[in-house]
Amino acid sequence: MTAVKIPYDQLSPEALQGVIEEFVTRDGTDYGEIEAPLESKVAQVMAQLKSEKAVIIFDQKTETCNILKSDDPVLKLLD
């Protein structure tokens, strides 16, 4: 696999904000019946990153970032 974990605290605040905003605004992202404001979505993801319930993954082949839940089976392929 060509992906690596990126600790969220190793990114600049601007880069981290950009990664999270891109993630929460992707097509297919569903937050339930009521659409939440962008700031709320970003705060939710940031809380998950800080509590280690989610991690940032950078795919070197496609040069893209993704955010996965910490228990995602894909992460086992990175270790």
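Colleague: Helices (H or I, at least four residues) and strands (E, at least two) are DSSP runs numbered from the N terminus, so where does E63 lie?
Modeller: E63 lies in the loop between β2 and β3. This is a predicted model, where local features need pLDDT of at least 70, side-chain atom pairs count only at pLDDT 80 or more, and totals for chains, interfaces and linings use all residues. Residues are numbered from 1 along each chain as its sequence is written, and side-chain values use heavy atoms, with hydrogens and water left out.

Colleague: What is the phi of E63?
Modeller: E63 is not a glycine, yet its phi is positive, at about 55°. The turn that holds E63 belongs to a hairpin formed by β2 and β3, with four residues between the two strands.

Colleague: Is E63 buried or exposed?
Modeller: The relative accessible area of E63 is 64%, so E63 is exposed (buried is under 20%, exposed over 50%, partly exposed in between; 1.4 Å probe, protein chains only).

Colleague: Which other residue has a positive phi without being glycine?
Modeller: E52 has one, with phi near 65°. Its place is in the loop between α2 and β2. E52 is exposed too, and its relative accessible area is 63%.

Colleague: Back to the strands. What is the order in the sheet?
Modeller: The sheet is open and has three strands in the order β1-β2-β3, with antiparallel pairing (strands pair if DSSP finds at least two bridges between them). β1 (3-6) and β3 (64-69) stand at the edges with a single partner strand each, so one side of each has no neighbour in the sheet. On average, neighbouring strands are turned by 35° against each other, direction ignored.

Colleague: How many bridges do β2 and β3 pair over?
Modeller: β3 and strand β2 (residues 54-59) pair over six bridges, in the antiparallel sense. I56 has I67 in β3 as its bridge partner, and V55 has L68 in β3.

Colleague: Which strands does α1 touch?
Modeller: α1 packs on the sheet and touches β2 and β3 (contact means heavy atoms within 4.5 Å). The direction of α1 makes about 70° with that of β3. α2 also packs on the sheet, touching β2 and β3, and its direction makes about 95° with that of β2.

Colleague: And the two helices, at what angle do the axes of α1 and α2 cross?
Modeller: The axes of helix α1 (residues 13-24) and helix α2 (residues 38-50) cross at roughly 115° and come within 9 Å (axes are lines fitted to C-alpha atoms, for helices over the stretch in contact; angles run from 0 to 180 degrees between N-to-C directions). α1 and α2 are therefore roughly perpendicular to each other (65 to 115 degrees; under 35 is roughly parallel, over 145 roughly antiparallel, the rest oblique).

Colleague: Which residues make the contact?
Modeller: From α1 they are L16, Q17, I20, E21, F23 and V24. From α2 they are L38, K41, V42, V45, M46 and L49.
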